[in-house]
Amino acid sequence: MPKLIDELKQEHNDIKQLLSNVYDYVGSDSKKKEFVLKLKQLVTNHLKKEEKELYPYLEKESKDDESLKAKLEKFMNERKDIKNFTLY
């Protein structure tokens with residue numbers, strides 16, 4: 001699990017880095033499209049990893065932990081909103 005957490009943190013940093021460089025992509029329509037596609041790819045891959053590896057683990061651990069269960073429900077709701085972004 002520590003390796004997964006490190007990978008997810010790195011992916012968060014990669015997404016933040018891309019977003020911090022948004023102005024590098026505003027010159028033309030092709031640059032804007034490049035930015036959106038890169039962001040979509042990073043977010044999609046990240047969500048898949050969370051869905052496949054992190055959330056099953058958290059669901060198992062939350063069976064006896066109401067606080068974790070509540071946080072997991074919040075994360076899952078937020079995840080739905082983010083996943084909707086990747087559908088466009």
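In the predicted model, Glu11 is a residue of helix α1. With a relative accessible area of 16%, Glu11 falls under the 20% limit and therefore counts as buried. Leaving aside residues up to four places away in sequence, the contacts of Glu11 are with His46 and Lys49.

The secondary structure of the chain consists of three helices and zero strands, and the order along the sequence is α-α-α. The radius of gyration is 15 Å, well over the 12 Å that the globule rule gives for 88 residues, so the chain is more spread out than a compact globule. Taken along the principal axes, the box filled by the C-alpha atoms is roughly 50 × 25 × 20 Å. Buried residues make up 23% of the 88 residues of the chain. Of the contacts between residues at least 6 apart in sequence, 59% join residues at least 24 apart.

One aromatic pair is present in the structure. The ring centres of Tyr25 and Phe35 lie 5.4 Å apart and the ring planes stand at 45°, so the pair is classed as tilted; for comparison, stacked planes would be under 30 degrees apart and edge-to-face planes over 60. Tyr25 belongs to the loop between α1 (2–20) and α2 (29–62), whereas Phe35 belongs to helix α2, so the pair ties together parts that are 10 residues apart in sequence. Both partners are shielded by the buried criterion: Tyr25 counts as buried at 11% relative accessibility, and Phe35 counts as buried at 10%.

Helix α3 comprises 21 residues, 66–86. From its first C-alpha to its last, α3 reaches 30 Å, close to the 30 Å expected at 1.5 Å a residue. At the start of α3, the backbone nitrogen of Ser67 has a side-chain oxygen of Asp65 within 3.1 Å.

The buried residues of α3 are Leu72, Arg79 and Thr86. These residues cover an arc of only 25° around the axis, which puts them on the same side of α3. Helix α2 is included in what covers the buried residues of α3. On the face of α3 turned away from the buried side are the exposed residues Glu66, Lys74, Lys80 and Asp81.

Key
Residues numbered from 1 in each chain as written. Predicted model: local features only at pLDDT ≥ 70, side-chain atom pairs only at ≥ 80, totals over all residues. Heavy atoms only, no water. Phe/Tyr/Trp six-rings, centres within 6.5 Å; stacked < 30°, edge-to-face > 60°. Helix = DSSP H or I, 4+ residues; strand = E, 2+ residues; numbered from the N terminus. Buried < 20%, exposed > 50% of the residue type's maximum accessible area, 1.4 Å probe, protein only. Contact = heavy atoms within 4.5 Å. Expected span 1.5 Å × (residues − 1). Arc of directions from axis to C-beta. Polar contact = N/O pair within 3.5 Å; in protein donor to acceptor, adjacent residues only side chain to side chain. Rg over C-alpha atoms; globule rule 2.2 N^0.38 Å.
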